[in-house]
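This briefing sets out the chain contact, the nonpolar core and a number of individual residues. Please read it alongside the sequence and the coordinates.

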Amino acid sequence: MNIEIETLLLLAIAGVAVLSSLAVLLTRDNFYASMFMSATLVMVAGIYALFNLQPVFVLIVFIFVGALGIVTIALAATYRFAPERQISVLWALPVIITAFILGYSVHISNLASLEKIQFALQKFITPEYLLLILFLTALIILLMLSVLKMGIEKEEGRS
Amino acid sequence: MQGIELSIIYVTSFAILLMGYFTAISSKDLIRLLIALELMFGAVFMSLIPLFSAISNAAFGIAIITIFTSSGELLVLIAAIVTMDRERKNIYTSSVTIGGDKL
């Protein structure tokens, strides 16, 4: 059975995504659960990058992981009921050794120079999609304004 | 896109959705529920990938709409969690007493 390297890579990324989503279910600490959730979403975005769909990769990583994921991690860290360390500090030693070996091997190897990046988003930027993005941004601002108004009304009702 | 790649994507998407569902039904606080919902949205994003091989431009539009609307929903849930904490002084799902039907 001849399996291409891209299929193997897809299988590996999908496997990591499923394992990290399983870790979300199994871990008891919300902080670690949110970290594993972010890892799952990065893997999902990685599959988009594997199929050369960089604009969606950027959207998922920036909006979902970069904005919502970080807010979720911050909330989980704030409302952490029983702060306990699930990972031993001793794991730092193999991590440092691996990072050193990796850094040194990259330093001594003659890597090819990077070529100019061809940004693929250009062909997607049409007036229709710009209008769509504008409307959706307006929708999110409206949603946030309504939540803000609800909070202000509750404050006024209390005082 | 080959058949094996298509099956890997759909199986992974279903598995992540299932994990998100199990996390949601076993959640005891609203943060866990938020994490479960984000996980389920991740599975939905993944199931969109095969659409790009057939109608790429429309699929990109659908992806943008899905990402923005799900982000809006989750932002409202985050605001609701903070509001509930200010009102009830806790974020347990058991303290949510209104909403839904009794059979």
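Two residues are in contact when they have heavy atoms within 4.5 Å of each other. By that rule, and with neighbours within four places in sequence set aside, B:Ser47 is in contact with B:Tyr10 and B:Ser13. The model is a predicted one. Chain A and chain B bury about 5000 Å² between them, and the largest nonpolar core has 52 residues.

**Chain A: overall architecture**

- Chain A contains five helices and zero strands, so that its elements, taken from the N terminus on, run α-α-α-α-α.
- Of the 159 residues in chain A, 27% are buried.
- Among the contacts in chain A with a separation of 6 or more, 64% are accounted for by residues 24 or more positions apart.

**Interface of chain A and chain B**

- The size of an interface is often expressed as the accessible area lost when the parts come together.
- Here the area buried between chain A and chain B is about 5000 Å², with 79% of it on carbon and sulfur atoms.
- A:Leu25, A:Phe64 and A:Tyr79 supply 12% of the area that chain A buries against chain B, more than any other three residues.
- Chain A brings 57 residues to the contact, and chain B brings 52 residues.
- How many salt bridges does the rule find across the interface of chain A and chain B? The rule finds zero salt bridges there.
- Polar contact between chain A and chain B amounts to eight residue pairs, both residues being at pLDDT 80 or more.
- On the side of chain A that touches chain B, the elements giving two or more residues are helix 1 (5–26), helix 2 (30–50), helix 3 (54–78) and helix 5 (127–158) of chain A.
- Helix 5 of chain A gives the most to that side, with 14 residues.
- Sorted by class, the side of chain A that touches chain B comprises 41 nonpolar, nine polar and seven charged residues.

**The largest nonpolar core**

- In soluble globular proteins, nonpolar side chains tend to be buried together.
- Which of the 52 residues in the largest nonpolar core touch the most other members? They are A:Tyr48, A:Val56, A:Ile60 and A:Phe64, along with B:Ile31, B:Phe45 and B:Phe52.
- Two or more residues of this core come from each of helix 1, helix 2, helix 3 and helix 5 of chain A, and from each of helix 1 (3–25), helix 2 (30–47) and helix 4 (56–88) of chain B.
- Helix 4 of chain B gives the most to this core, with 11 residues.
- Not counting residues up to four places away in sequence, A:Val56 touches A:Tyr48 as well as B:Phe52, B:Phe60, B:Ala63 and B:Ile67.

**A:Thr72, a buried residue**

- A:Thr72 has its place in helix 3 of chain A.
- A:Thr72 counts as buried because its relative accessibility is 0%, and the limit for buried is under 20%.
- The backbone oxygen of A:Leu68 is reached by the side chain of A:Thr72 at 2.7 Å.
- Beyond its neighbours within four places in sequence, A:Thr72 is in contact with A:Ser34 and A:Met37, and with B:Leu34, B:Ile35 and B:Glu38.

- A:Met43 is found in helix 2 of chain A and is partly exposed, with a relative accessible area of 24%.
- Residues up to four places away in sequence aside, A:Met43 touches A:Ile13, A:Val16 and A:Ala17.
- A:Met43 and A:Leu59 are separated by 16 residues in sequence and by 13 Å in space, C-alpha to C-alpha.
- B:Ser47 belongs to helix 2 of chain B; B:Ser47 is partly exposed, at a relative accessible area of 29%.
- From B:Ser47 to B:Leu75 there are 28 residues in sequence and 23 Å in space, C-alpha to C-alpha.

- Most residues other than glycine have a negative phi.
- A:Asn52, although not a glycine, has a positive phi of about 60°.
- A:Asn52 lies in the loop between helix 2 and helix 3 of chain A and counts as exposed, because its relative accessibility is 56%.
- B:Lys89 is likewise not a glycine and has a positive phi of about 65°.
- B:Lys89 lies in the segment after helix 4 of chain B and is exposed, with a relative accessible area of 67%.

Notes: Residues are numbered from 1 along each chain as its sequence is written. Chains are lettered from A and ligands numbered from 1 in the order in which they are written. This is a predicted model: local features need pLDDT of at least 70, side-chain atom pairs count only at pLDDT 80 or more; totals for chains, interfaces and linings use all residues. Side-chain values use heavy atoms; hydrogens and water are left out. Buried area is the accessible area (1.4 Å probe) that two parts lose on being put together, summed over both. A salt bridge is a side-chain nitrogen of Lys or Arg within 4 Å of a carboxyl oxygen of Asp or Glu. A polar contact is a pair of N or O atoms within 3.5 Å; within protein, one must be able to donate a hydrogen and the other to accept it, and residues adjacent in sequence count only if both atoms are side-chain atoms. Helices (H or I, at least four residues) and strands (E, at least two) are DSSP runs, numbered from the N terminus. Ala, Val, Leu, Ile, Met, Phe, Trp, Tyr, Cys and Pro count as nonpolar, Asp, Glu, Lys and Arg as charged, and the others, Gly among them, as polar. A nonpolar core is a set of buried Ala, Val, Leu, Ile, Met, Phe, Trp, Tyr and Cys residues joined through side-chain atoms within 4.5 Å. Buried means under 20% relative accessible area, exposed over 50%, partly exposed in between (1.4 Å probe, protein chains only).
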